[in-house]
Amino acid sequence: MTAGTLDRPRQRRSKPWPETWVAAAFVAPAALVILLVVVVPLVRAAWMSLFDIELTSPGVEPFVGLRNYVTQLTSADFWDSVSKALFFTGVTTALELSLGLGLAMLMDQPMRFRWLLRSIVILPWALPTIVNALMWRWIDNGTYGSLNALLAQTGVIHDYVPWLSQDSTAMWMVVLADVWKMTPFCAILILAGLQGIDRELFEAARVDGAGSRQIFRRIIVPLLTPIILVVLVLRTMEAFKVFDIIWIMTGGGPANATQTVAIYAYRTAYQSYDFGQGAALGYLIAIFIMLLAAVYLKLLRRTGA
Amino acid sequence: MTIDRTTISGTDGRAHASRVPARRKPITPGRVARAMFLYAGMVIALVVVVAPFSWLVISSVADKADLLTKPLEWIPAHISFGRFVDLTVGSSADETAQGFRAAIMNSMLIASATTAVGMVVGTLAAYAFARLRFPGRSWMILAFMATTMLPPIALILPLFQIMKALGLTDTPLALIIIYSSFVTPYVVWLMRGYIETIPRELDDAGRVDGCSRLGVLWRVIIPVATPGLLSTALLAFLLAWDEFLYALVITQSNASKTLPVALNDFIGRYGVDFGRLATGGVIAAIPPVLIAFAFQRHIVAGLTAGSVKG
Amino acid sequence: MTNRYGARGGLRIRAGVVLMAAAFAAAGCSGSSATPSAAQPSAAAPASASAAAPASAAAPSAAGEAITLHVLLMKQAAYSDTDVAAMTAAFNVDHPNITIVPEFVAYDALHDKIVTAQAGGGGVYDLILVDTPWPAEMVKAGIITDITDKIPAEFSTGVFDAAWTAAKYNGKIYGVPWINDTKFFFYNEKMLNNAGITAAPKTWDEVEAAAKAVKAKGEVKYPIISSWKQAEAVICEWTQIAAAMGGSEFVDAQGKPLFNQGGGLAALKFMKKLIDEGLVDPASLSSTEDDVNTAMSTGQYAMTLNWTYGLSVMNDPKASKVAGQIKVAPSPGEGSVTTSGVNGGMSLAVTTTSKHPAEALQYALFLASEKSQEMDVANALPMWKASFDNADVTKNNPTLFAAAKIQFSGLVARPVVPYYTKLSNALQAAIQEALLGKKTPEQALNDVAAQLPSFQQ
């Protein structure tokens with residue numbers, strides 16, 4: 001059909017439709033896959049969080065409104081575990097992102113044996129968390145750990161240090177294990193993002209007299225921002241919910257020094273049969289993560305503008 | 001193609017001119033220093049990555065007693081690959097080893113299927129979120145992401161009930177369904193990020209050439225976004241490869257046990273068979289590393305393809 | 001366009017993706033179609049491979065209808081998968097109609113599996129393995145069944161009384177004791193001899209004196225290693241020492257706290273003193289029982305407490321630098337108490353949702369019978385009094401059996417209260433706070449005592 005007066009109203013009527021319908025068709029499969037499985041448990045957990053559901057009193061499940069939430073929000077143990085989780089999240093995401101960015105830049109440089117680095121670098125990430133955690137438990141051991149052996153043989157320390165038994169060092173050892181495992185994750189996702197940047201921009205900038213540092217600040221960082229933000233949010237979510245690696249390495253000890261909020265939730269809810277509290281804690285964790293994500297977006301918008 | 005030239009308009013000629021001599025630049029002290037800096041960085045990165053892992057490898061081939069000397073002897077006195085033999089081709093009477101072998105196959109199936117489902121539906125949605133304008137665009141992607149914000153502990157019981165009601169407990173299908181739903185939001189987010197770094201003009205050019213939206217995604221976006229696509233696929237695969245809590249609750253037998261659950265079986269009530277666990281860990285890390293090895297050339301694909309121009 | 005972004009590379013990738021997708025699809029199809037039908041036989045196969053009593057063969061006989069029992073057990077050295085398969089084969093000789101489908105999980109996973117399966121509506125398992133502190137909670141949650149009236153007479157009289165405390169709540173029996181264990185005192189004989197000590201210490205005061213002597217020799221930095229990790233481990237050791245120092249009652253009949261006075265407080269003060277004097281390695285605060293075995297095996301420690309299996313592990317030449325030097329003795333007492341031992345047993349409990357409770361109990365009793373228990377005494381001690389007087393059984397480890405016979409006569413239980421997990425979690429943290437010097441022992445325990453009413457609600 002050719003352009004003409006007939007065509008115009010038709011276009012006006014149908015123009016917004018195709019895009020919306022196309023979008024619906026594109027999004028629908030993902031929505032189905034996500035929502036079919038998750039919606040029922042999400043709603044059920046929200047519902048459960050409003051009841052006093054203790055497995056040890058079957059049949060007695062009174063509606064308590066927001067009392068489970070109030071109980072937790074007024075509990076010192078809860079806030080203590082939240083602060084541990086925030087510390088873990090802050091330190092690990094900062095280290096993983098900055099080291100990951102550096103590693104990605106390195107893997108992006110044309111040099112020999114780059115393929116080796118690019119293949120080997122995922123080893124820590126590929127190692128199942130259970131093995132990773134038990135490996136670091138052994139390495140950090142105060143009697144026969146290889147970290148102590150290395151530091152003692154190189155003269156850095158004189159006496160073996162019980163890394164996981166001191167409340168001053170235990171959290172840092174857990175952070176080390178997590179950073180070792182997840183830095184490659186950040187590096188590989190950022191490396192992929194770097195490939196999307198037009199290399200000729202670098203050349204052009206260089207010709208215009210820009211140094212490497214300026215290229216990094218003016219071209220790479222702004223263009224990578226969307227990917228870095230996504231990686232940041234993903235790592236924050238995972239770090240705030242961290243469970244397996246800490247549970248296996250320290251069990252939350254010594255004296256709750258590494259008891260993050262997910263471990264606290266497991267202890268108070270799952271181990272103690274208190275599913276109402278467990279569901280409420282789950283939602284509180286989700287709310288904290290959303291708040292963190294909102295803070296990122298805000299900071300980003302401010303620096304971006 | 002004209003579009004991308006506009007982004008670097010005016011510098012094109014000079015950039016082109018400067019590149020040819022750049023390839024044959026004479027060796028200067030500055031360039032040597034830069035190369036040394038880069039290779040030093042590579043060596044450090046390799047050492048940091050490999051050192052803890054090599055301790056795992058040592059533990060997998062050593063007698064436990066040889067790991068307990070003080071000062072520590074890094075090369076154990078007795079080296080034996082017996083544990084690798086036991087776990088891979090050992091006797092079928094060893095039920096833990098049998099379970100481990102079944103778990104590798106289950107995990108391969110579950111992680112591959114999860115990756116396939118997640119990547120297909122996730123990339124489609126990501127394209128829509130990145131490029132199409134439609135009502136609910138901004139809140140819908142947040143809603144997708146929000147589903148992954150609850151910790152597994154809060155969801156595990158209802159999920160178990162659903163799978164039991166559907167008669168799917170102890171099947172790989174149950175885990176494929178669960179993992180797909182948790183991996184998809186990640187794929188949507190990441191792929192949207194990668195697609196957004198691709199200049200929109202490319203889409204328009206494709207549209208002008210008569211491609212449908214799907215055609216643009218398939219012919220234009222996916223080839224350009226290959227590095228992002230592969231990295232995201234790796235993420236999807238490893239999420240399913242490493243997940244523990246859901247697998248623990250849903251699986252009951254070798255019919256569906258995954259690797260992390262099988263590895264957890266090496267941990268007794270009071271005792272960890274560390275040598276065997278280390279062996280299992282080394283074996284479990286091999287498939288993802290092979291995948292990464294196969295992928296790593298293609299992660300460069302966008303780069304090489306880009307520099308071919310000219 | 002194609003020029004700039006390399007259509008060739010893109011096509012190659014896409015071809016690969018299509019191939020991979022096809023492969024996934026194929027794998028997915030065969031996997032999912034095979035699963036529902038294959039699941040049952042393959043799950044059952046390992047269990048009854050040797051037992052393989054085909055239901056069809058049994059059906060016509062008088063043996064009764066074909067029954068399948070799902071049993072949740074634990075991965076462990078004693079009564080391993082293979083041991084259980086052998087026991088099941090023996091069971092199937094008389095009960096060919098009963099197919100046993102065992103599931104073995106790690107200890108840490110056991111509680112989670114039970115809770116999820118039962119909270120999710122039940123009906124998954126007929127028989128489950130439960131740890132000593134769990135019965136009270138599980139009875140209240142309606143997970144396990146009262147079997148008080150169904151215990152055969154030979155079990156009531158033949159099994160150590162202490163073993164039953166692992167399965168009792170409010171005077172009723174909810175499980176058949178199966179794994180019997182307590183913590184023994186292990187010492188490096190050579191190291192103690194070098195310090196001029198020729199006999200194992202019999203009291204905790206003697207332990208302290210021996211540790212000082214070993215430390216004075218300068219052979220090791222810390223003479224004692226303990227499993228005081230923030231987990232059940234630290235509660236077990238504290239309970240055992242408390243029992244030696246005047247009582248390990250946690251709460252009285254009215255639910256008032258007792259752990260912050262008497263034996264509980266004395267034990268914690270003693271533990272703290274050993275740390276302060278440099279006699280216990282501070283690494284103990286992150287050590288599990290397994291870490292303690294490994295640490296003792298390095299030859300850098302003289303004394304420790306541990307479960308039965310520690311003796312064979314620490315004397316295994318492939319796993320230990322001091323194989324042959326580690327000896328066992330009854331756990332030290334104090335004052336009028338000659339010895340004490342925490343109950344580390346586990347029992348088999350029939351679920352309330354089982355459709356075949358009688359058969360499940362039958363199987364449990366078979367697994368716990370004297371004959372089954374004597375199959376593997378290297379890693380776990382039997383709970384039958386007669387076994388300890390049977391020379392055939394005790395011959396491979398007379399000192400262990402001698403120590404066990406004394407200790408089993410007086411095992412103490414961790415409190416059997418329905419809020420045990422909450423109390424235990426709070427106590428674990430409190431004990432570590434005291435050991436790290438963040439609170440005094442009195443303060444730490446009193447703080448938990450103050451929280452007690454909220455646990456009891």
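Start with helix α15 of chain C, residues 357–368: α15(C) lies across β1, β2, β3, β6 and β11 of chain C, at about 160° to β11(C). Helices here are DSSP runs of H or I of at least four residues, strands are runs of E of at least two, and both are numbered from the N terminus. Angles run from 0 to 180 degrees between N-to-C directions, and axes are lines fitted to C-alpha atoms, for helices over the stretch in contact. Two residues are in contact if their C-beta atoms, placed from the backbone, lie within 7 Å.

This is a predicted model, where local features need pLDDT of at least 70 and side-chain atom pairs count only at pLDDT 80 or more, while totals for chains, interfaces and linings use all residues. Residues are numbered from 1 along each chain as its sequence is written, and chains are lettered from A and ligands numbered from 1 in the order in which they are written.

Now the sheet under that helix. What is the order of the five strands? In chain C they form an open, mixed sheet, β2-β1-β3-β11-β6. Strands pair if DSSP finds at least two bridges between them. At the edges are β2 (98–105) and β6 (176–179) of chain C, each pairing on one side only. From one strand to the next the twist averages 30°. β3 (127–131) and β11 (346–350) of chain C run antiparallel, joined by five bridges; C:Val130, for one, has C:Ser347 as its bridge partner in β11(C). Helix α5 of chain C, residues 107–119, lies across β1, β2 and β3 of chain C, at about 135° to β1(C).

Next, a helix pair in chain C. α11 (232–244) and α12 (262–276) of chain C pack at about 115°, axes 8 Å apart. α11(C) and α12(C) are therefore roughly perpendicular, a label that covers 65 to 115 degrees, with under 35 being roughly parallel, over 145 roughly antiparallel and the rest oblique. Among the residues making the contact are C:Trp238 and C:Ile241 of α11(C), and C:Leu268 and C:Phe270 of α12(C). By class, that contact has eight nonpolar, two polar and no charged residues. Nonpolar means Ala, Val, Leu, Ile, Met, Phe, Trp, Tyr, Cys and Pro; charged means Asp, Glu, Lys and Arg; the others, Gly among them, are polar.

Last, chains A and B. How many residues of chain A are in contact with chain B? 85, against 94 of chain B. Helix α2 of chain A, residues 16–48, gives the largest share of the chain A side, 17 residues. That side has 65 nonpolar, 11 polar and nine charged residues.
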